[in-house]
Amino acid sequence: MSKTRKDRQFRPVAVPDVDLNGFWGKWQDAVCNATAEILLDRCIEAGMLQAIDVDQPSPGIVIPILEWGGTTQMFWDSDLGKSIETIAYSLYRKPNAKLEARADAIIDLYEKLQDKDGYLNAWFQRVQPNRRWTNLRDHHELYCAGHLIEAAVAYFQATGKRKLLDIMCRYADYMIEVFGHGPGQIPGYCGHEEIELALVKLARVTGENKYLDLSKFFIDERGTEPHFFTEEARRDGRDPRDFIQKTYEYGQAHLPVRKQEKVVGHAVRAMYLYSGMADIATEYKDDSLTDALEVLWDDLVTKQMYITGGIGPAASNEGFTDYFDLPNDTAYAETCASVGLVFWANRMLGRGPDRRYADIMEQALYNGALPGLAIDGRTFFYDNPLESTGKHHRWKWHHCPCCPPNIARLVASIGSYMYAVADDEIAVHLYGESKLRAELCSEAKVTLEQVSNYPWNGAVSINVALEKPARFTVSLRIPEWAEGAAQLRLNGEVLEIQSIAVDGYVRIEREWQDGDRINLDLPLALRPQFANPKVRQDAGRVALMRGPLVYCVEETDNGGDLNAIVIPDVLPATTETVLEELGGAVAVDLPVLREDTAGWGSSLYRSTRAERKAGSARLVPYHLWDNREAGAMLVWLQAEK
Ligand SMILES: [Zn+2]
């Protein structure tokens, strides 16, 4: 397959180059004011500080070892890593000397823990020191390293402090010695991907290509024969088949990555792998990886994704099952998996703006990832069903606390997902009140200020500030749902979207002047969404979206029996109400039919269906559910016909 590739390399803008206000500003305040500290408190309550403190006795095995030969305690380094990363981003918005000092103290402990050769892993240094590098398939060793690397990069960028970065460079240098095809080297890779994308971040911040090469090695080796995981198990005296999920698909190691065509296995692992592959595709302009990723992308978004951008329907493998198997009430749809989908989508934009990816990034961000965080930043969802009888509630913590710091670090760094820069082009992927400062190849210093109450309102005004006039391109995403209805003006003059749109982005290339203004109006009328008829769980159902947001009904607004609500075939006129208790969210009221549950009688079955009566329903954004009075919730509603 030969295609013309875009040869541009878009890299995300740095987190501090974007100031957020409005919608995302409020979420970032919740992380700065609550979540960042809560993450540390709860990691420490769990025993994670003792685990890395060489001056205290090892805590030993706090969380029992399970039948797969491991315990979630093995990933504690990753939880501390993601928490430090969250703190790092939060310091841009809200300097907090106390929190920074706590992070510094943890980094000091890691410095003391690190072995002379560079190795660093609390579990395999302190609890099972004789098991280092013996079971890459199950033990998350490189996964933990990856999260500490991401933390190191973020903390260095936020504070200028190099200590953790230097620690992790030493560790990565040691990995370069350990992994490879040379004598005595391990020709392996981690069962839980993450190190791949982390090494790309490390390479970008240090300018050291050797870290890119190591990342590429892990990607290129994955799934090749003779199979590393099989050889490794034999060497370690384990039966290769004695594996947590009995299949290498679980960790996307069943085939070389360029031969993979179906999205399989553990959802978070898959997303992290594809994210790393997309980074390497961008850095090496590797069309073979991009080709593979495009096939996998289509497989995911046309057959295996909830309308919320949730992925991985099954709890049993925390991952994918069969095509079109999307149960609503038992949906696993782990918060981390949607966070991972945002990562992947964002990296697919590395070779050029394309709304195929950016639209899904937005959908997964608002409806798959963001539900994982309560509006006050204090409680969390791990799994994200699309229907609840009222028993599913936010957690304070989890025995496997991967999701809370994952959604927190995404929210705290969201500015870097909104914009990307390449040469003399700025791409605006996401809308929302914000200010970007960018420097282009031509050395033009540009400030783009988005004034908008998006996603509650579809009017976006972008003001351009420049020291002197400069020629460059601004690319703006026109979401597919706004196709044909969006309106664009430049300094008051209407621009014909169709004539300047490429891959769903309008490209405005010109000599920009200080004070230029772009106005984009995106229509946000409620719109019905129907599922492919192959999705048995959504047959006869309709979901309602407004702009990028999936809406749902909650018991607190609508009483019980949410399945008795019937949405009229032609959507009636709606009214909108701003809910201050939900941070200014827009609720939508509309006339509906309701099946008469009270008048049904006492029988379980009868030969005539329930009478339908006129009523009304209030819809609220799905990401905000379970932030008020607890109760039932439903996304896919009965459709009249
Ligand atoms: Zn998680």
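**Note on the predicted model**

1. C43 and its surroundings. Not counting residues up to four places away in sequence, C43 touches M48, D79, L80, S83 and W397. The structure discussed here is a predicted model. C43 is found in helix α1, which spans residues 22-45. C43 counts as buried because its relative accessibility is 0%, and buried here means under 20%. S83, one of the residues that C43 touches, is 40 residues from C43 along the chain, and the C-alpha atoms of the two are separated by 8.5 Å.

2. The zinc site. Four residues coordinate the zinc ion: E334 through OE, and C336, C402 and C403 through SG, at 2.0 to 2.3 Å. The site is tetrahedral, with angles of 95 to 121° among the 4 donor atoms. Along the chain the donors follow the spacing E-x1-C-x65-C-C. E334 lies in the loop between α12 (287-303) and α13 (335-348), while C403 lies in helix α15 (residues 403-412), so this pair ties together parts that are 69 residues apart in sequence. Are E334 and C403 buried or exposed? E334 counts as buried at 3% relative accessibility, and C403 counts as buried at 1%.

3. The nonpolar core. The largest nonpolar core has 222 residues, and F179 and W344 are those with the most contacts inside it. Leaving aside neighbours within four places in sequence, F179 is in contact with W133, L136, L142, Q185, I186, G188, L214, F217 and F218. As a general point, nonpolar side chains tend to be buried together in soluble globular proteins.

4. Helix α10. This helix covers residues 228-235, and F228, F229, T230, E232 and A233 are buried in it. G237 follows α10 and has a positive phi, near 75°.

5. The sheet of 7 strands. An open sheet of 7 strands has antiparallel pairing and the order β2-β6-β7-β8-β14-β10-β11. Its edge strands, β2 (18-20) and β11 (493-495), each pair on one side only. On average, neighbouring strands of this sheet are turned by 20° against each other, direction ignored. Within the sheet, β8 (residues 459-466) and β14 (residues 517-521) run antiparallel and are joined by 5 bridges. The bridge partner of N463 in β14 is R517.

6. The sheet of 6 strands. A further open sheet, of 6 strands, has mixed pairing and the order β1-β4-β5-β9-β13-β12. β1 (11-12) and β12 (501-502) stand at the edges with a single partner strand each, so one side of each is left without a neighbour in the sheet. In which sense do β5 and β9 pair? Strand β5 (residues 425-428) and strand β9 (residues 470-477) pair in the parallel sense, over 4 bridges. T473 in β9 is the bridge partner of E425. Helix α14 (residues 355-369) lies across β9 and β13 (505-512), and runs at about 60° to β9.

7. Strand β17 and burial. Strand β17 (residues 549-554) is mostly covered, with 6 of its 6 residues buried. Which residues point one way from β17, and which the other? L549, Y551 and V553 point one way, V550, C552 and E554 point the other way, and all are buried.

8. Partners of β17. Strand β16 (residues 541-546) pairs with β17 in the antiparallel sense over 2 bridges, and M545 stands opposite V550 in β17. The hairpin of β16 and β17 has 2 residues between the strands, and G547 takes a positive phi near 60° there. Strand β21 (residues 612-621) runs antiparallel to β17 and is joined to it by 3 bridges; V620 in β21 is the bridge partner of C552. Strand β22 (residues 633-634) also runs antiparallel to β17, with 2 bridges joining them. M633 in β22 is the bridge partner of E554.

9. The hairpin of β19 and β20. Strand β19 (residues 575-579) and strand β20 (residues 585-595) pair in the antiparallel sense over 5 bridges. L579 stands opposite A585 in β20. The hairpin that β19 and β20 form has 5 residues between them, and G583 in the turn has a positive phi of about 65°.

Definitions and conventions
Residues are numbered from 1 along each chain as its sequence is written. This is a predicted model: local features need pLDDT of at least 70, side-chain atom pairs count only at pLDDT 80 or more; totals for chains, interfaces and linings use all residues. Side-chain values use heavy atoms; hydrogens and water are left out. Two strands pair if DSSP finds at least two bridges between them. Axes are lines fitted to C-alpha atoms, for helices over the stretch in contact, and angles run from 0 to 180 degrees between N-to-C directions. Donors are N, O and S atoms within 2.8 Å of the metal (3.2 Å for Na, K and Ca); water is not among the atoms, so sites may look incomplete. Four donors count as tetrahedral if all angles lie between 85 and 135 degrees; four count as square planar and six as octahedral if opposite donors are over 155 degrees apart and all others between 65 and 115; anything else is irregular. Buried means under 20% relative accessible area, exposed over 50%, partly exposed in between (1.4 Å probe, protein chains only). A nonpolar core is a set of buried Ala, Val, Leu, Ile, Met, Phe, Trp, Tyr and Cys residues joined through side-chain atoms within 4.5 Å. Contact means heavy atoms within 4.5 Å.
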